[in-house]
Amino acid sequence: MPQVTVDMSVDAVKSLVFQLPASEFLTLAEAIGERAETVGMMQLAETAFGEWNEAGEDIYDAEPQDR
């Protein structure tokens, strides 16, 4: 499926979304909420991996040597 990008302001998107019938609006709101939760969890998880970027932790990046 081709990707389409649209250059719209948040206010313009809100204006369109608020024109949806109630049932479709609620379905969209639920999907947006789920996506927002996923994004939030992903951002939180990124902070947990910061310690792996500390000096000395690069030993785990070394390739095993042939014996």
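Is F18 buried or exposed? Select F18 and show its surface: with a relative accessible area of 57%, this residue is exposed, because the cut-off for that word is over 50%. Keep in mind as you explore that this is a predicted model.

**Step 1: the whole chain.** Zoom out and switch to a cartoon view. Of the 67 residues, 1% count as buried.

**Step 2: back to F18, with a partner.** The structure holds one aromatic pair. These two residues form it, and the pair is tilted, at 5.9 Å centre to centre with 50° between the planes. Those two values are given because a pair of aromatic rings is described by the distance of the centres and the angle of the planes. How exposed is F25? At 28% relative accessibility, F25 counts as partly exposed.

**Step 3: the loop.** Next, select Q19. You will find Q19 in the loop between α1 and α2, the helix that covers 22-48. Q19 counts as exposed, at 60% relative accessibility.

**Step 4: a nonpolar patch.** For the last stop, select V4, V6, M8, V13 and L16, and colour their surface. Together they make a nonpolar surface patch of about 470 Å². Pick out V13 from this group: V13 is found in helix α1, which spans residues 10-17. V13 counts as partly exposed, with 36% relative accessibility.

Terms used. Residues are numbered from 1 along each chain as its sequence is written. This is a predicted model: local features need pLDDT of at least 70, side-chain atom pairs count only at pLDDT 80 or more; totals for chains, interfaces and linings use all residues. Side-chain values use heavy atoms; hydrogens and water are left out. Patches are made of residues with over 30% relative accessible area and no salt bridge: like charges are joined within 9 Å, nonpolar side chains (Val, Leu, Ile, Met, Phe, Trp, Tyr) within 5 Å. Accessible areas come from the Shrake-Rupley method with a 1.4 Å probe; for residues, only the protein chains shown count as cover. A salt bridge is a side-chain nitrogen of Lys or Arg within 4 Å of a carboxyl oxygen of Asp or Glu. Helices (H or I, at least four residues) and strands (E, at least two) are DSSP runs, numbered from the N terminus. Buried means under 20% relative accessible area, exposed over 50%, partly exposed in between (1.4 Å probe, protein chains only). Rings of Phe, Tyr and Trp (its six-membered ring) pair if their centres lie within 6.5 Å; planes under 30 degrees apart count as stacked, over 60 as edge-to-face and the rest as tilted.
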